[in-house]
Every structure is written in C-alpha cells, then in structure tokens.
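Good morning, and thank you for joining this group meeting.

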Amino acid sequence: MTQTIFTESDVATLRSNFDSAGQGHVFNFWDTLTSEQKQVFYNQLVDLDVGRVNQIYDTAVKGVSASVSAQSSSVEPLPTDVTDSVLTADASKLEEWTTLGLKLIAEGKVAVILMAGGQGTRLGSSAPKGCYDINLPSGKTLFQLQAERILKVQELARARFQVKEKVVVPWYIMTSGPTNAPTLSFFEKNNYFGLDKSNVIFFEQGTLPCLTMDGKILLEEKGKVAIAPDGNGGIYRALHSKGVIASLKERGILYSHCYCVDNCLARVADPVFVGYTASKKSDCGVKVVGKSQPEEPVGVVCLKDKKYGVLEYSEISKELSEMRRPDGTLAFNAANIVNHLFSTAFLERVPDFAHELEYHIAKKKIKHTDLESGEQVSPKAPNGMKMECFVFDVFPYAHNLSVLEVARKEEFSPLKNAPGSGVDCPETSRHDILSQQSRFIQAAGGKISAKDGGESLEIEVSPLVSYAGEGLECVNGKSILSPAVIETLEDLNKIMS
C-alpha cells in the first residue's frame, strides 16, 4: 500500500475525486479521526481507483440483467474439434503430448501459478487452505504434495532430455490479505519443501470495496473502507500489478499452469496438459472432467453467444443438463475444475479487454458503519454486495482455446467441506489419494497385502517417487506390505517380497 504523508491539498483533491464519482460519503467522519487514523485511511483511499469501482459495479449490474434475459438458445455444447480426452487418446498421442510437455519444461518455458488465497474456514481452520493436513499417513499438507510434484516433474524433464543444468519450474503463489503472512511463514518453516526459495514467488490478489445495493462504498469503520477479495479472476490484474508478467517474460516462460490449491490430485505442471495445449497452439487450455450425472452441481465449459465460457450450475436448465449427443453422451458434459494453461502472450494482453470482464455480484451481510449515527451495524439480512470475477471470465477472449478431458478419479478431488461431510471433504481427499497410489502399484504389476493378516491396504507413494505412476517397474511381480509410506525407492525395496 502506498505510504504517502498527505497535505490538506492532497485531501481536498482526493475528496473531490470521490465527490465527482458519487462516493464522497466515505469522508463523512474524516474530521472525527485522529491524525494517525487519517493517515491510514488516506493511504487506503489513495490506492482505491474509485472510477474503476463504479465501472465494475455498472458492468456487474448489466451482467445480471443480461443473464436474466439470456435464452437457452444462446448456449451450445463445445465443438468437438476443440476437445480431446486422455480417456480415449491412443498411447502414441499421449506419449507425443508428454514428450512435448517435458521438452518445454526442460527448456525452462513452463511455470506454475497457484491460486491459494483461501482460508480453511469451512474446514474449521483459519490457516491458509494449502496448509491443511488431510490426515495422510505421511502428514503432508496440500502445499507439500504440490511442491513435491514440481520437484519430480523437474527431475523427469531433466532425465528425459539429459539436461546438465538444473531444470526449473518457477512457482508463483497467489495469496490474499489474511493468508499472505501465514503462507510465507509456512514455507519458510518447511524450507520451501526442497524447492529453491528464489523460484517460489508470492503475490497478493487484489481487493474491491463492498458496496450497498445501489453501488455506494460501505465503510467498515469510520476510517476504513469495507473490502473483500476480488475473486479468483482477480489473478489477472494481480499478475500485472505485482510484476508477475514481467517475471514470466524475464524467465522466458511460454506457458503457465494455473490451478486451485484445494485439489489434492492436481497434476502440477502436467506434461500431458502442457504438451497437449502447445501442440494445439492454444493460448488457453482447459482441463475438464465428465459430469458424474446430469444434475451434478458443477459449471460446464461450453459456447455462450458463440464464445467460449462457463455455464454456471445455477444457469443450467434441466433440459440442457439432460441433452444428449447422437452417441448418447451428455452434450453439456465438460465439468469445469478450475485447471488451466495460459500462454504468457495471452496473460500479457488481458489488460486490453479487462474493462469488459464480467463481475459477479454476491449479496452478503456486511458489517458496516451507519453514515448518520456512526454506529457499527451487524446486519441480519444481506445489505450489500461483494463483487468478484472468476478465472474463466477470460475464456471468451482466447484466440484459440482447447479442452482436455481427464479422469476424475486421477485428477480431481476438491477439498471444500468440513470433516465428516462425506463429499469433497478431508476424508474423501485422503481416500482419493491413497486409492490412486494403490492403483499406481497395481498398474506396475505389484500386489498389495496387509501386514500380519490385517485389513489395511493403505499405500502412500510420495510424488518424489512417482509423479503419475511412472518409475515403479521394480514392483512387478512383487507383493507390497501395507500400510506403508514410500518416500524413496529404498523404502519400497524394504517392504517388497
């Protein structure tokens, strides 16, 4: 935040800007503030682009009107020529994508951008969600799992192309106000999980003021604007304002894998996805999974008004959700899992159309200061709005978008709900990882048996040992004793018989 020692003239100019924008009420209590409070408040206000706030509000309101009036005829399934699937692609095609992806990684042309601004509030934790321990036998957190996948994919690329120097996949981690300091502290405490500190770059997502229903900025306190994160789509503005784009260009990065921290199965810097998107010469790649059933509450990637976009679950009619293609598959089947690959060139041109991006309104109960009484109010019903944009809001502006379907059980297990919820919770995340790693052993020809006649068949294979099932040939024809945590191939040799 800007730290400017202001003059009375500065305040007059700033007040005039807010008056002109119809937001002059934020100065209602200025004269009652102490000098120190005025300084803090001034710094907040001078960093706030009030014209942009008004423009975003106008765009969001128009967006609501447009969505209400939109007809289902403006929505179409994805064309088949922009979609492929790892479920049906032949082995040679998968190998082609993998090789190209590893080549780009080996050449230092791939980065990872992680959206990690959320707290584990619904999980009963105030810590950043990436710090959450899903109770794996190893005790590894989401951050550690993802860091180890980066370490492994660097190693795979280096080995495949016999690169002499170190292969680097830089990791850009987007935090938020509440999670920034604890995230940095967590990485420091854990020595960056073996990654080079210089290649782990943290940046904060932006915020927007909370507004009344008619677009007026709410004050949380007499000298403080009520603010909220600007949604995961705020990543694009943050990439530019925090110097990430400049860093990507300086490093020679061509593609960045962008995903959410809460997916424990995310294949970070996935060579298949990188190679697939690059082979299509796409500026925007999208990973999807098939819907589990027509009524599954997920958004789907499709065409909206002839442009790529995501149809939110709340926008999908029963008729659309059940529509079938001639082969019997669901027409709207591409479930969005917030897993994308962007070219640096595409990210660089986002500011060209940023003013057109749709902001979504979330009506909330927002604690605020009453402008007349000066009392703080904790409303019992929604009294205002938070505005956010979503990461997929840029899809309509892609010159060339490609969509890759992947297996849900291998790549998507989100952590959203409290322990014991039974769906998208710590228990399902734990189960899905351990089940996957048992499949890795079995696919390599190994058999899992419980120690001492027990019932536990839990095998945890570290990403440092195998990224996606590769490198486990030594288990072929062997029996692996469970439960076990395998951190090295030596660990594996000790429990094979």
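This is a predicted model: local features need pLDDT of at least 70, side-chain atom pairs count only at pLDDT 80 or more; totals for chains, interfaces and linings use all residues.

In which helix is isoleucine 441 found? Isoleucine 441 is found in helix H14, which covers residues 426–443; helices here are DSSP runs of H or I with at least four residues, strands are E runs of at least two, and both are numbered from the N terminus.

Residues are numbered from 1 along each chain as its sequence is written, and side-chain values use heavy atoms, with hydrogens and water left out.

Returning to isoleucine 441, its relative accessible area is 0%, so this residue is buried. Buried means under 20% relative accessible area, exposed means over 50%, and partly exposed lies in between, with a 1.4 Å probe and protein chains only. Leaving aside residues up to four places away in sequence, isoleucine 441 touches Gly446, Ile448, Ile459, Val461, Leu472, Val475, Ile480 and Leu492, where contact means heavy atoms within 4.5 Å. Isoleucine 441 and cysteine 474 are 33 residues apart in sequence, and their C-alpha atoms are 9.8 Å apart in space.

I turn next to helix packing. Two packed helices are described by the angle between their axes and the distance between the axes. The axes of H4 (residues 91–106) and H9 (residues 271–279) come within 6 Å and cross at roughly 95 degrees. These axes are lines fitted to C-alpha atoms, for helices over the stretch in contact, with angles running from 0 to 180 degrees between N-to-C directions. H4 and H9 are therefore roughly perpendicular, a description used for angles of 65 to 115 degrees. Among the residues that meet are Leu94, Trp97 and Leu104 in H4 and Val272, Val274 and Tyr276 in H9.

Helix H2 (residues 35–46) has buried residues that include Lys38, Phe41, Tyr42 and Leu45. The buried residues of H2 pack against helix H1 (8–20) and strands E8 (219–221), E9 (224–225) and E10 (227–229).

Where does glutamine 205 lie? Glutamine 205 is in the loop between strand E5 (200–204) and strand E6 (207–209), and its relative accessible area of 11% makes it buried. The side chains of glutamine 205 and aspartate 230 are joined by a polar contact of 3.4 Å. A polar contact is a pair of N or O atoms within 3.5 Å; within protein, one must be able to donate a hydrogen and the other to accept it, and residues adjacent in sequence count only if both atoms are side-chain atoms.

Now to the backbone. Most residues other than glycine have a negative phi, and most peptide bonds are trans. Glutamine 162, although not a glycine, has a positive phi of about 50 degrees; it is exposed, with a relative accessible area of 71%. Valine 338, also not a glycine, has a positive phi of about 55 degrees, and this residue is buried at 18%. Serine 482 and proline 483 are joined by a cis peptide bond, with omega about 0 degrees.

Finally, how many disulfides does the structure hold? The structure holds 0 disulfides, a disulfide being a pair of cysteine sulfur atoms within 2.5 Å. For cysteine 260, the closest cysteine sulfur is that of cysteine 258, at 7.5 Å, which is too far for a bond.

Conventions: Angles under 35 degrees count as roughly parallel, over 145 as roughly antiparallel, 65 to 115 as roughly perpendicular and the rest as oblique.
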